[in-house]
Protein chains: 2
Amino acid sequence: MPNGAHALMKTLADAGIEVCFSNPGTSEMHFVAALDAEPRMRAVLALFEGVATGAADGYARMADRPAATLLHLGCGLGNGLANLHNARKGKVPIVNIVGDHATFHVKYDAQLQSDIETVARNVSPGFVRTSMTTAELCKDAVDAIAAARGLPGQVATLILPADVSWGEGGVPHPPPPPPAPAAADDATVAAVADAIRAGGKVALLLGGAALREPGLLAAARIAAKSGVKLHCETFPTRLARGAGLPPVERIAYLAELASLQLSALDHLILVDAKSPVSFFAYPGRKSDLVPETCAVHTLASPTQDAVASLEKLVAALGAQAAEPMLQAAERPSRPRGKLTAAKVCKAVGHLLPENAIVVDEGITSSLMLAAMTRGAPRHDLITLTGGAIGQGLPSATGAAVACPERPVIALAGDGAAMFTIQALWTMARETLHVISIIFNNASYSVLNVELERVGADTKISPKAKSQLDLHGPVLNFTHIAQGMGVPAARVTSAEGFNKAFEHALATPGPHLIEAMVPESLGGTKRRILPWMLRSLPSLPPTLAHAIRRKVAP
Amino acid sequence: MPNGAHALMKTLADAGIEVCFSNPGTSEMHFVAALDAEPRMRAVLALFEGVATGAADGYARMADRPAATLLHLGCGLGNGLANLHNARKGKVPIVNIVGDHATFHVKYDAQLQSDIETVARNVSPGFVRTSMTTAELCKDAVDAIAAARGLPGQVATLILPADVSWGEGGVPHPPPPPPAPAAADDATVAAVADAIRAGGKVALLLGGAALREPGLLAAARIAAKSGVKLHCETFPTRLARGAGLPPVERIAYLAELASLQLSALDHLILVDAKSPVSFFAYPGRKSDLVPETCAVHTLASPTQDAVASLEKLVAALGAQAAEPMLQAAERPSRPRGKLTAAKVCKAVGHLLPENAIVVDEGITSSLMLAAMTRGAPRHDLITLTGGAIGQGLPSATGAAVACPERPVIALAGDGAAMFTIQALWTMARETLHVISIIFNNASYSVLNVELERVGADTKISPKAKSQLDLHGPVLNFTHIAQGMGVPAARVTSAEGFNKAFEHALATPGPHLIEAMVPESLGGTKRRILPWMLRSLPSLPPTLAHAIRRKVAP
């Protein structure tokens, strides 16, 4: 019989888990050695665990099946925790494998001993298990896979003691059955249909699995038939968008704007989505963004089949033949002159190729991205689902591993990029066609906004401001990228950006474009308001209308 | 009355906490704004939380008082967890401040919501508290400070909800009394003295607080009087060493070698140290490294005063007048020719200035460091106490903040350096005199050794080997450092290294020297044995003797 690691490797591959994003240590050496025996398993090394976990997240979002991670004890898990959090909040399946000391070694409290299960529980509330015997290991692994792939998708953590891995007597286990979620029951569908037919203002809030083409088309038929609005969560796990797909309006990050989007609604219908709440709390403001006069209905919870539920609603409303409104093909013009964050977004919209994957962690700098790319060729958008910064470059890495034929465009703020900058090395090593666009504005720009929003911005001195400022020295991402083997260019004009982006799109392999831009938003009310007004032409129509009504009466 | 954040800032400064290593987010904005009101508090921004926590660790090791951290919710804590683990294992005091959502916002399960207390408990088993009211905040902070500074030192985590921070009615609280640990009781001292006098082979194993000059001198008097050997833990938190100080022999990392060091002992006496166990477990090998025939005694536990306990033992043995053996001043010659890791260590020994702080995370590449610097001018050595890689550069950052007049030499393996490479930016921003020496051997070299040691190295194919290999592309740390504002040089000869090191020592501010070296150890038995034999002249005498007896009979 094979040892535990060999049997585990076969079990994973039999269940369709064919990529492992790893940063191994001594306790994982038998797992590493077992890679050789399983040709179906691809191992992708990361120089930091946050890259491995973020890549597993991005991979699963695009491959629609989990990857495995391979992490080194509790500290390796700790390093990977932030991106596992993003996966958890995005309902993304990951089989998180954490090596541990041999079972007989635990009692000695050696240097790397820690309580792995406790750390894991935060990101894997639904499944944490330490496999205690080689004979049971593969059964435990299949339970983990089943948990990860269930609805909602989740991070399932399997802790693998070294002696369970190296022990003889591993027993490969057949894969778990695929999940078979149910659609919303008839009574729920009928109640939602009644609410829609009652004639008030109604919106569908789409999330999770409802944001691919089938769900969007069903929702758009409902909209065409009955006039409901289509919203999507603020931070979708994966959103299909662009020309030829039904457009949906994302709920804004800024609670002030989100409240405007939701203000006139009588009914909000959740489809694999959470009722909108403020991202952070602010003094004197409500966290729940739904007006008290709006009734919230759940058509499909995250444990249900969102698309089948939408299709039942289509049928209940007689909307099968309704013609869904589709986004027209349109692109912004080619930007010119001194580079700004908005011009970067414009250039991306102008040049975005067919079938791209766009990963957005541009924070304040990518505010115009959605508007600038809405009529671009169809693409998938990946966003920061859990708010834990440092997701963009790792997620792009995993997405590129999942979809080697598709170009991946990752937009990241300078601050965000630095959390997991080691991802560049993995992109270079795996020759992934990822174009990393870094907005270098030398600032934690969003925090200047937040400093105002929380009311902490009165009489701010340079000392406090320095905590939000990335000057002294200004980072040079071009040098950093070159240090990790990724060709890079620093650009200060729109013309320079266009040229660098065209070159990167045409040349396989990784690229980094460092866009030197001023801050998009300032830290004072004087500047946010003008920005909002200037942005109106690019904002979604409801939002623009609401803002106009509120701030420019 | 001040708001919570202002009162907290005053309370921290009153208690002698005058540095905060931070990576803030929205929920910490009031804390950031309060920095302005407290001139005693220095805020040091890090681009990644692992840098902030590692810097707080290095700072406290050198300043002998805690710094504060400022981290952003559970995910920021997760990113900082590995270096907090190292601090915990090193018994280093840190006041770990983690911002959280406002108390009224928690129930909405917003994107960044997570169970912070659960994550914190792993590194702060002794103190985790969420402060629930502004009125109680400073009392909670003082309890955290008291816990951190107690014996043993620990990471105390104070979770600070945003509304507790921004709320009015903060009440500054006076500092806690300093800890007053007791020495070993008379009976324990007498029993240990009896064991020493009985005439068998005895060693003192010194750790923690026993490794500064007073403890070392007391131990050396005992050795001079009674012939006991002096060992120190494998990974000391801070070890005073060099010419004029009593030398102590570190227990080897490799269990095979450590067992040889301990093999002939009849009594092992622990002084603020843990009985030696294997770092990892290996098939068929014991984890406990102390021979069954050796009695283990505890003179001072980590909750006791180690130095006072040693001095009681000096008195009990009548060793007050014994002349301690002190290390003679001696330096290796200036290395020449093609660069190797050993020559880097030799150059460091040849050139080490007075009163330096040496941070060692060189892993396999710094094996010769201890031997090459043993007679160099006195210095403090900081090591990887918890085994969580990525400690070196952050720890050096914090040590330099604590001791601005002392040069800091950080040696790091290429793999290790990449975990927290963002530390370079903080070194540049704060103009710290840290010389980062990166051993670039393009390998997780220690894992090649471990692959053999765990018995997983038979028929290893390129696929498994690639998980331990950092080629394709080889990192260029010189470019990476330049990208973060740190002047850097890549060197391939000993002459080049000497020159770059001399320049860096003479020029204030941060520097990075990228030492291009071959791997120190190979991954096969054929290569480890010759290396051990070649190394004999540089190894501690006991160890060299034991190896000779065992492997070259």
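1. Let's start at the end of a helix. In this predicted model, helix α3(A) is followed by D64(A), a residue with a positive phi, near 60°.

2. Now the helix itself. Helix α3 of chain A runs over residues 49-63, and at 1.5 Å a residue its 15 residues should span 21 Å. The end C-alpha atoms are 21 Å apart, which agrees with that expectation.

3. The aromatic rings deserve a visit next. Over all chains, the structure holds 17 aromatic pairs. One of them joins F419(A) and F48(B): the ring centres are 6.3 Å apart and the planes stand at 75°, so this pair is edge-to-face. It is a pair that crosses between chains, with F419(A) in helix α15 (residues 414-419) of chain A and F48(B) in the loop between β2 (42-45) and α3 (49-63) of chain B.

4. Are these two partners buried or exposed? F419(A) has a relative accessible area of 6% and is buried. F48(B) is buried too, with a relative accessible area of 1%. Both values fall under the 20% cut-off, which means that each residue counts as buried.

5. F21(B) belongs to strand β1 (residues 19-22) of chain B and Y59(B) to helix α3 of chain B, so the pair ties together parts 38 residues apart in sequence. F21(B) is buried at a relative accessible area of 1%, and Y59(B) counts as buried at 3% relative accessibility.

6. Back to the contact between chains, where ring pairs link up. F48(A), F419(A), F48(B) and F419(B) are joined by such pairs into a cluster. As for the interface as a whole, 100% of the interface residues of chain B are also interface residues in chain A, so the copies meet through the same surface.

7. Finally, how are the two copies related? Chain B is superposed on chain A by a rotation of 180° with 0.0 Å of shift along its axis, at an RMSD of 0.0 Å. The copies are thus related as by a two-fold rotation axis. To find that axis in chain B, go to I480(B): its C-alpha is the nearest to the axis, 2.1 Å from it.

Notes:
Residues are numbered from 1 along each chain as its sequence is written. Chains are lettered from A and ligands numbered from 1 in the order in which they are written. This is a predicted model: local features need pLDDT of at least 70, side-chain atom pairs count only at pLDDT 80 or more; totals for chains, interfaces and linings use all residues. Side-chain values use heavy atoms; hydrogens and water are left out. Copies are superposed by least squares on the C-alpha atoms of residues with pLDDT of at least 70 in both. Contact means heavy atoms within 4.5 Å. Helices (H or I, at least four residues) and strands (E, at least two) are DSSP runs, numbered from the N terminus. The expected span of a helix is 1.5 Å times one less than its number of residues. Rings of Phe, Tyr and Trp (its six-membered ring) pair if their centres lie within 6.5 Å; planes under 30 degrees apart count as stacked, over 60 as edge-to-face and the rest as tilted. Buried means under 20% relative accessible area, exposed over 50%, partly exposed in between (1.4 Å probe, protein chains only).
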